[in-house]
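Me: I would like to go through this model with you, one question at a time, before I plan anything around it. Please give the cut-offs as you go.

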Amino acid sequence: MITKEEVEHVGWLARIEIDAKESDAYAEKLNSVLDYFGQLDEVDTEGVEPTYHVADIVNVFRKDEVTASMPQEEVLANTEHKQEGNFKAPKIM
Amino acid sequence: MVYENPDGVRIGLEVHVQLNKLNTKLFCGCSTEYHDSEPNTHVCPVCLGLPGSLPVINEKAVEYAIKIGLALNCSIVEQTQFHRKNYYYPDLPKGFQTTQYDFPIAGEGRIIIEGEDGEHVVGITRAHMEEDPGRLQHMGSIDRSKGTLINYNRSGMTLIEIVSEPDMRSPKEARRYLDKLRSILDYLDVFDGDLEGAMRVDANVSVHWGERVEVKNISSFKGAERALLYEIMRQKNHIRRGGEIVLETRHFDEARGVTISMRTKEEEHDYRYFPEPDLVPLRVADRVPKVRETLPELPDAKRERFMEQYGLGETHARALTTEIKVANFFEEVAAKVDPKDAAVWVSDILKGELNYRELSIDAFTVEDIVAVVELVTANKITEKSAVEIIRTVLDDGGKPQEIVEAKGLLKVEDDIVATAVDEAIAENPEAVADYLGGKEKSLNFLVGKVMQKTKGRADAREAREKVLAKLNE
């Protein structure tokens with residue numbers, strides 16, 4: 001069972017503010033998702049290889065060769081928060 | 001001697017090594033040469049985490065990772081894959097870091113260091129690949145800043161995180177471990193350790209076998225030693241005052257030399273690791289033998305060989321093999337002059353002069369040190385003059401032979417010394433009488449006269465012997 005506190009903790013991890021009403025609703029929704037996983041857990045997977053990737057391929061490599069980067073103006077085009085070519089964010093601890 | 005670890009100190013280190021000798025980043029073709037560039041000029045949709053971008057792994061980065069794993073005596077995993085480590089942080093534009101979780105490319109290994117009580121084995125827990133985040137620049141000190149500037153040029157650089165067991169028992173051992181690790185990585189030629197941020201250290205420290213505290217953001221080896229000394233002292237004092245050590249993360253403030261408690265960090269399960277769907281698994285087992293062939297002779301093996309091949313003592317062999325460049329330099333010198341002379345002049349004299357000036361071995365040539373050693377062994381100059389020549393080459397430039405001439409450092413011919421000795425004895429009968437009467441000090445006076453007459457170009461030891469011989473005739 002996911003509690004309201006856990007919803008708030010997950011919200012903090014994602015840096016999203018969740019108010020009291022929302023956390024009740026999320027708890028309910030997340031619990032129904034977990035119930036579904038519970039059902040999946042009942043499937044017998046004895047002897048089945050884990051799927052690490054949906055496509056059955058390995059070793060897709062790239063040569064160590066330089067390709068062009070983006071111009072700085074383009075990198076910063078979508079933000080108003082910038083200073084001397086940097087993105088600017090609030091104080092971070 | 002057995003080191004008993006009186007304070008029950010345990011130190012484990014996590015070292016992030018940036019593979020800055022690769023041409024490109026881990027998952028994209030952006031150049032790694034960003035160090036003197038404008039912010040955010042070495043980035044692309046992949047390293048910015050823009051929607052729709054697709055990472056593709058750098059083949060050479062995987063080879064380097066295997067190489068490092070092998071050099072640290074690690075097992076290399078058959079198949080490896082990447083995970084997403086989720087946390088929201090502005091230096092990770094995607095909102096997760098692509099890293100390795102349950103199948104790190106390199107598993108258990110070990111490094112041998114000079115410990116408090118002789119050779120000491122430090123276990124390596126794992127070495128895994130991950131991408132470097134961008135660089136945050138706090139406007140002011142970290143806990144009082146007004147804002148943060150973010151430069152993503154570093155974002156996506158290949159990191160190898162090397163995690164040790166908590167096997168180090170003092171800050172000194174931690175420092176030795178870091179030096180040894182750096183030495184091995186230099187030998188492998190996978191990174192340039194002189195570039196900013198090439199090696200970054202987080203430390204786990206506990207005292208009295210208690211709970212561990214993680215100290216993050218240590219940017220230099222000297223810093224690591226200082227941070228550890230401070231943290232051990234802090235924990236001991238805290239316990240002495242009746243406090244309890246709790247699991248926490250602290251930040252090392254390099255400027256103030258103290259550690260500061262940070263907000264409690266996410267626990268491992270908070271990271272919600274899950275397999276990276278944009279990258280396919282890597283089957284690397286069949287690449288290992290080929291990479292193994294590219295491994296160079298590593299420091300420990302080279303040290304052994306130097307002792308055997310050149311007849312060097314342990315101290316010289318160690319000092320000469322710490323840095324690959326110095327080791328190669330020494331071998332070139334040893335091919336031309338007596339290896340033991342080469343060891344003394346390269347290790348004891350030249351390295352000392354270079355360290356004093358904070359220069360690397362590149363600042364001197366093999367040819368010049370060979371010339372200096374040959375002048376000394378041929379008895380043409382004194383050892384004191386040889387040191388003077390080395391200093392002059394480093395400070396003012398020039399060739400040893402020219403300096404010898406310009407400064408008149410050639411030892412004077414034997415007959416000139418002999419004449420000076422005869423004169424000194426003839427001109428100072430009182431001193432001679434004093435010496436013969438048992439006044440040892442008079443000998444020094446006479447030797448001083450000889451040096452004066454030869455304008456200091458005679459070898460003091462030889463002059464002394466000649467005076468003695470004459471007096472005892």
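Me: What covers the buried residues of α8(B)?

Reply: This is a predicted model, in which local features need pLDDT of at least 70 and side-chain atom pairs count only at pLDDT 80 or more, while totals for chains, interfaces and linings use all residues. Residues are numbered from 1 along each chain as its sequence is written, chains are lettered from A and ligands numbered from 1 in the order in which they are written, and side-chain values use heavy atoms, with hydrogens and water left out. Helix α8 of chain B spans residues 324-334, and its buried residues are B:V326, B:A327, B:F329, B:F330, B:E331, B:V333 and B:A334, where buried means under 20% relative accessible area, exposed over 50% and partly exposed in between, with a 1.4 Å probe and protein chains only; helices (H or I, at least four residues) and strands (E, at least two) are DSSP runs, numbered from the N terminus. The cover over these residues includes, from chain B, α3 (171-188), α6 (299-310), α7 (314-321), α9 (339-356) and α10 (366-377).

Me: How much area do chain A and chain B bury between them?

Reply: Counting contact as heavy atoms within 4.5 Å, 34 residues of chain A touch 61 residues of chain B. Buried area is the accessible area (1.4 Å probe) that two parts lose on being put together, summed over both. Carbon and sulfur atoms carry 56% of the area buried between chain A and chain B, and the total is about 4,100 Å².

Me: Which residues form the salt bridge between chain A and chain B?

Reply: A salt bridge requires a side-chain nitrogen of Lys or Arg within 4 Å of a carboxyl oxygen of Asp or Glu, and between chain A and chain B the count is one. The closest N and O atoms of this pair are 3.3 Å apart, and the residues are A:K63 and B:E59.

Me: Which element gives the largest share of the side of chain A that touches chain B?

Reply: The elements of chain A that give two or more residues to the side touching chain B are α1 (4-13), β1 (61-62), α3 (72-75) and β3 (86-89). The largest share of that side is four residues, and it comes from β3(A).

Me: In what order do the four strands of the open sheet stand?

Reply: Strands count as paired if DSSP finds at least two bridges between them, and three bridges join β3(A) to the antiparallel strand β9 of chain B, residues 148-151. Along this pairing, A:K88 stands opposite B:L149, and A:A89 stands opposite B:T148. At the edges are β2 (82-83) of chain A and β8 (135-138) of chain B, each with a single partner strand, so one side of each has no neighbour in the sheet. The pairing is antiparallel, and the order is β2(A)-β3(A)-β9(B)-β8(B).

Me: Where is A:N59 found, given its positive phi of about 55°?

Reply: A:N59 is not a glycine, yet its phi is positive, at about 55°. With a relative accessible area of 23%, A:N59 is partly exposed. Its place is the loop between α2 (20-41) and β1 of chain A.

Me: What is the relative accessibility of B:D189?

Reply: B:D189 lies in the loop between α3 and β11 (199-206) of chain B. Its phi is near 60°, a positive value in a residue other than glycine. B:D189 counts as partly exposed, with a relative accessibility of 43%.
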